[in-house]
Amino acid sequence: MRIADVLRAKGDAVATITAHTSVGALLNELVLHNIGAMVVVSPDGVIGIVSERDVVRKLHELGADLLRRPVADIMTTTVATCAPTDSVDSLSALMTTNRVRHVPVMDGGRLAGIVSIGDVVKTRMEELQAEQAQLQAYITQG
């Protein structure tokens, strides 16, 4: 299965934020959208990604003052990305190797979606259920 198939099933909406937005405002957006990460964008495109984990790690270090600081202070600037033509298997490997849970999908330099580890697990479960149904049909027909 390809990443484009995952996006077709889940949608291609991506919650984005700017680097100058406060961490407090970031948290409001994460809660509002019920998501765990946001892509950080500028007029030039994707410049980072910021997740709940980034907030928690810096909160431990800086305390409540972190909430007034800009997202730029905590975002990850080396962003692991994938393409719609990539396989879910290759994305799983990318997530494991880079120890990330959210991967923006880039198509020709344009942000085309985002895939989370939950999306990958859901896809795997659906594939396993389909295989199981096919095997049961084969056994009962044979």
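Modeller: Start with Arg57. Arg57 is exposed, at 55% relative accessible area. This is a predicted model: local features need pLDDT of at least 70, side-chain atom pairs count only at pLDDT 80 or more, and totals for chains, interfaces and linings use all residues. Residues are numbered from 1 along each chain as its sequence is written, and side-chain values use heavy atoms, without hydrogens and water.

Colleague: Why is Arg57 called exposed?

Modeller: Buried means under 20% relative accessible area, exposed over 50%, and partly exposed in between (1.4 Å probe, protein chains only). Arg57 has 55%, so Arg57 is exposed. Arg57 is found in helix α3, residues 52-62. Helices are DSSP runs (H or I, at least four residues), numbered from the N terminus.

Colleague: Which residues form the positive surface patch?

Modeller: Arg53, Arg57, Arg99 and Arg101 form that patch. Patch residues have over 30% relative accessible area and no salt bridge; like charges are joined within 9 Å, nonpolar side chains (Val, Leu, Ile, Met, Phe, Trp, Tyr) within 5 Å. Lys and Arg count as positive, Asp and Glu as negative; His and the chain ends are not counted.

Colleague: What makes Lys10 and Asp119 a salt bridge?

Modeller: The definition asks for a side-chain nitrogen of Lys or Arg within 4 Å of a carboxyl oxygen of Asp or Glu. The closest N and O atoms of Lys10 and Asp119 are 2.9 Å apart, so the pair is a salt bridge. Lys10 lies in helix α1 (residues 3-10) and Asp119 in helix α5, so the pair ties together parts 109 residues apart in sequence.

Colleague: Are these two partners buried or exposed?

Modeller: Asp119 is buried, at 17%. Lys10 has 38% and counts as partly exposed.

Colleague: How do you know that Glu61 and Lys58 pair?

Modeller: Their closest N and O atoms are 3.6 Å apart, so they form a salt bridge. Both lie in helix α3, three residues apart, about one turn of the helix. Glu61 is exposed at 53%, while Lys58 is partly exposed at 26%.

Colleague: What puts the buried residues of α4 on the same side?

Modeller: The buried residues of helix α4 (residues 88-98) are Val88, Leu91 and Met95. They cover an arc of only 55° around the axis, which puts them on the same side of α4. The arc is that of the directions from the helix axis to the C-beta atoms. On the other side, Asp89, Thr96 and Thr97 are exposed.

How values were computed. Areas by Shrake-Rupley, 256 points an atom, 1.4 Å probe, with all protein chains shown as cover. Charge placed at Lys NZ, Arg CZ, Asp CG, Glu CD. Helix = DSSP H or I, 4+ residues; strand = E, 2+ residues; numbered from the N terminus.
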